[in-house]
Amino acid sequence: MNTAMNIMSIQHQLVLAIGEETDLKKMIYQFLHLAGQCLNATNSHVFIMQDQQNTPVYQLTEEDSLQHFLSFPSRRDGINTLLSQNLEQLANQFFESDATSGIIEQSSGLYYVFKLGHFGVFIIERKSALSREIQSSLPPVINKLTNSCIASINYRTMLFEINMRKEVEEQIRYQATHDDLTGLYNRMEVQRCLTKAIEDTVTEKKTGYVLSINLMNFKNINDAIGYHVGDKVLRQVADRIKKSTDKKTTIAIFNGHEFILIIDHLPANKMKSQLIIGDIIAEIIHTIERPFELSEGSFSLSCFIGYERFTDNKKNAQDIIKNASIAMYEAFKKSKDKALAYKSIMSEQLNDHIRYTKEIKQALINNDFELHYQPQFDHLYNMVGAEALLRWNHPTRGYESPAVYIPIAEESDLIIDIGNYVLEQACRDIKRLRQRTLPAFFQQISINISAKQLAKRDFVSNVIGMVNKYQIPPSSLKIEITESIMMGNLERSIDGLNTLLKFGVTCAIDDFGTGYSSLAYLKRIPASLLKIDRSFVTDIHLDQSNKAIISMIIQLAKSVNMEVIAEGVEQEQEVSCLIELGCYQFQGYYFSRPITFNDLLKFKH
Amino acid sequence: MAEASIVRFTDSSSLQDLNTAIKGLCQENIQGVLLIACVENNYLETQLNKILFDCQLPICGGMFPKIIYKGKSYQHGAIIVGLKVKPDIVNYEALSQIDDQLSDYIENKSQPIQRHKSFIIISDAMCKVSEDFVDHFYNFMGSGVTSIGGGAGSLDFVSRPVIFTNQGIKGDLTQVIALPCPLINDIGHGWDIVDGPYLVTAAKGHYVHSLNYQSTYTFYKEIIQNKVNTTLDDKFFNQYAKQYPLGIVSIDGEILVRDPIQTNFSYLECVGNILNNSMVYLLSSDKDKMFASSQQVANNIAQQRPFNNLLLFNCISRDLFLESDSEQELAIIQNTLSETPLIGAMVLGEIANTDNGMIRLLNKSTVLGVF
């Protein structure tokens with residue numbers, strides 16, 4: 001009776017030790033620990049099939065193998081249980097056999113081995129034999145252990161899948177709210193954060209600021225060195241901004257390199273909060289202007305910052321961000337202050353700007369643009385060509401200054417449309433000119449090409465197409481580029497200009513001497529003419545340094561087989577001086593102001 | 001075996017005497033100090049700590065209800081053992097606050113002593129996780145290690161700092177003294193089954209709530225009434241619990257005594273865990289059986305001669321049970337092993353390896369170690 005009760009007690013204790021524990025390791029530890037106590041085991045072990053990631057499995061594949069999972073105690077005679085004997089071999093041999101349980105006698109003791117389903121082995125080591133009754137009482141316990149292992153493995157798999165799903169969801173949520181490159185918030189998320197910050201500010205009667213930071217010169221890094229370097233710099237900028245601001249500051253990135261910061265919980269007192277924000281802005285400017293040392297080189301950036309204060313919920317998040325951006329744009333445009341607070345007049349100016357842009361667009365549709373021509377002469381006063389100059393004859397305001405509308409057009413893609421207009425109109429006019437009798441020395445009409453036009457992939461085909469369309473000799477058209485527009489994708493621009501040269505359209509470098517391009521590039525640009533900027537020409541006969549510069553430009557042109565023409569010639573003395581220096585072509589009021597096409601037709605006659 | 005330690009003894013409760021003895025020993029060629037002191041010395045903690053801080057050698061040990069020196073027990077005094085072998089001491093502190101991380105904590109703290117195979121373990125008897133500590137410690141150190149030890153504290157079961165460390169006297173702590181020499185132990189108790197088995201139908205840790213589906217207190221009272229053929233009142237516990245402990249019997253017949261020490265008239269609190277679904281028995285003994293058991297332990301140890309150091313951890317409840325005959329039990333051991341002074345303590349729960357090698361918390365037992 002007592003033996004029966006004792007066996008039942010052992011069974012129940014072991015089953016209870018397995019319990020409801022879901023963690024496989026904990027469950028098996030409890031079981032092995034109790035096996036030591038109840039069965040007087042010296043050591044006990046569990047081996048379980050595991051996949052290549054050492055994760056226990058019970059549904060087997062070919063890659064899975066039986067591996068040691070846990071022993072109690074974990075060591076024997078001071079060393080790891082597995083190393084102390086060939087236990088793994090014993091477990092594997094038994095696992096491969098058909099038996100479900102067995103006894104293996106070795107010099108070190110008796111090994112009672114039991115299969116855990118088709119996926120594991122349980123081993124009890126004892127000094128002496130277990131009674132037959134105890135042995136026969138163990139299989140139900142082993143079955144329970146087997147089922148609990150399966151449940152635990154299933155639970156773990158389920159937990160793993162749930163965690164995986166959570167991770168994926170978290171990743172999707174992260175991707176939806178963050179910028180991939182910098183890990184900062186994106187536009188959507190910063191708007192959400194700002195909406196919350198506005199609410200908090202109103203509730204807490206505090207003040208908040210939105211800063212819009214735009215990096216200057218950043219595009220040059222991307223264009224000249226490559227996006228991989230630009231990305232590195234951008235990540236460093238993000239890190240530096242993070243380090244220079246409070247951890248609570250919300251930081252986002254828009255449009256590639258415009259940063260938005262939300263700084264809230266500031267004192268309601270405007271003067272106090274302005275002082276704090278002033279310090280933060282100064283720190284950000286300082287941190288961005290420190291050179292970025294990369295393996296590719298050292299890079300310097302600067303930034304402009306616009307900011308807008310919020311104390312109530314009269315403006316929504318979108319408006320506040322927009323205002324900060326307007327202030328930033330204004331700071332950039334004026335380039336006087338690195339940071340500007342938003343003022344409503346900025347929006348008015350911006351609206352004017354937008355309205356003006358619309359008018360330019362309308363002017364193109366209404367054909368309000370026209371080309372005027374400034375003739376070019378040689379030293380014998382022969383007209384050798386003319387430069388086409390764009391004029392906007394506004395229906396109500398009359399002629400607009402190009403100095404106003406060209407920069408505005410350049411900010412948008414309108415400059416492309418305008419450039420196309422100029423190209424086509426010039427070709428059309430050349431055709432009309434050629435239908436008349438041209439002066440003997442008249443060579444060509446030149447047109448100005450903007451940086452954006454030159455950068456367009458279809459620029460060359462457009463020019464060739466237009467020349468072909470109007471059936472004019474390619475040599476009757478010259479394109480004028482400035483040094484600075486070559487700074488973008490230099491190789492592609494040179495290739496394009498070479499193609500045009502082969503076709504017969506020549507190239508001039510306009511405003512020479514004012515750009516900042518390396519003189520080393522000059523030889524590579526397939527230009528046939530250098531146009532000396534008017535700033536060197538004015539009063540050249542009185543200014544020795546300008547005389548020296550022009551002399552140098554002429555020498556330079558000769559060395560690369562280019563002709564020179566002086567722009568802005570207004571006095572006879574200037575002409576004499578230029579001839580003396582070796583310049584034999586001129587353009588300027590001394591010879592002729594820009595004139596309409598009809599006047600040009602008359603002029604040559 | 002280790003070289004014989006230098007042993008100093010004082011039967012005074014004076015801290016000054018203790019200090020003098022420690023300082024004197026430290027002048028000798030020793031590697032560490034093992035202090036075995038009586039809790040009733042009531043040392044002033046601040047002064048005691050100063051002595052411990054000042055000790056330049058590794059210091060260890062504990063305060064117990066009684067100490068044993070040359071086969072006699074003392075309620076006051078101290079034994080100062082100058083160890084000739086260098087002890088590696090690990091103090092596992094704030095054990096009751098560690099909870100789920102106990103296993104990891106023990107594993108991390110035990111790294112410096114993992115090459116050792118001989119351990120003296122002294123635990124704060126009032127720390128409820130002492131037995132869990134022993135389990136995890138055994139799991140980490142593995143089979144093939146030898147341990148002796150016991151619980152420090154006092155019979156009033158009030159929690160107080162009772163373990164000596166170089167950082168002062170501390171509680172809620174288990175101290176492991178790793179010895180770089182072989183340690184041999186033997187255990188015995190002399191308790192036999194007189195009734196049972198009873199099924200433990202509700203238990204948690206040290207607390208047994210129900211036996212055979214009845215309130216443990218009521219059931220325990222009934223079975224003792226049957227044994228003594230007397231109707232007992234509710235004061236029976238203090239008189240009979242020390243005579244009738246519970247016992248857990250292993251499948252190889254080894255009896256693990258579980259000593260009931262307190263009751264709330266519903267559950268019994270034992271020194272050591274009792275598991276749900278386990279079978280327990282009612283045990284009893286008498287002085288002859290106890291003496292015989294101690295004699296057997298001494299005889300077994302005698303076969304291990306030669307040795308230089310004898311260290312006894314004897315359960316305080318044996319002393320309470322044997323009363324004036326307790327000294328005779330100590331004399332039996334000392335006389336059998338007369339060439340070596342018997343030192344040790346009457347402890348609250350003993351620690352030693354059982355037959356299968358597991359380190360277990362024992363009750364009402366004699367644990368004798370030699371090194």
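A salt bridge is taken here as a side-chain nitrogen of Lys or Arg within 4 Å of a carboxyl oxygen of Asp or Glu. The structure is a predicted model, in which local features need pLDDT of at least 70 and side-chain atom pairs count only at pLDDT 80 or more, while totals for chains, interfaces and linings use all residues. Residues are numbered from 1 along each chain as its sequence is written, chains are lettered from A in the order in which they are written, and side-chain values use heavy atoms, without hydrogens and water.

Chain B is assigned a domain 1 (6–187 + 290–370) and a domain 2 (192–284), with bounds from an automatic or database domain assignment. Between these domains of chain B, three salt bridges are found. In one pair, Lys128(B) joins Glu269(B), with the closest N and O atoms 2.9 Å apart. Contact (heavy atoms within 4.5 Å) involves 17 residues of domain 1 and 16 residues of domain 2. The two domains bury about 1,400 Å² (accessible area, 1.4 Å probe, lost on being put together and summed over both), 52% of it on carbon and sulfur atoms. On the domain 1 side, Lys128(B), Asn363(B) and Lys364(B) lose the most area, together 39% of what that side buries.

The interface between chain B and chain A buries about 2,500 Å², with 48% from carbon and sulfur atoms. In chain B, the greatest losses of area to chain A fall on Asn139(B), Ile251(B) and Asn356(B), together 24% of what that side buries. Contact takes in 26 residues from chain B and 32 residues from chain A. One salt bridge is counted between the chains; Arg126(A) and Asp252(B) meet in a salt bridge at 2.6 Å, N to O.
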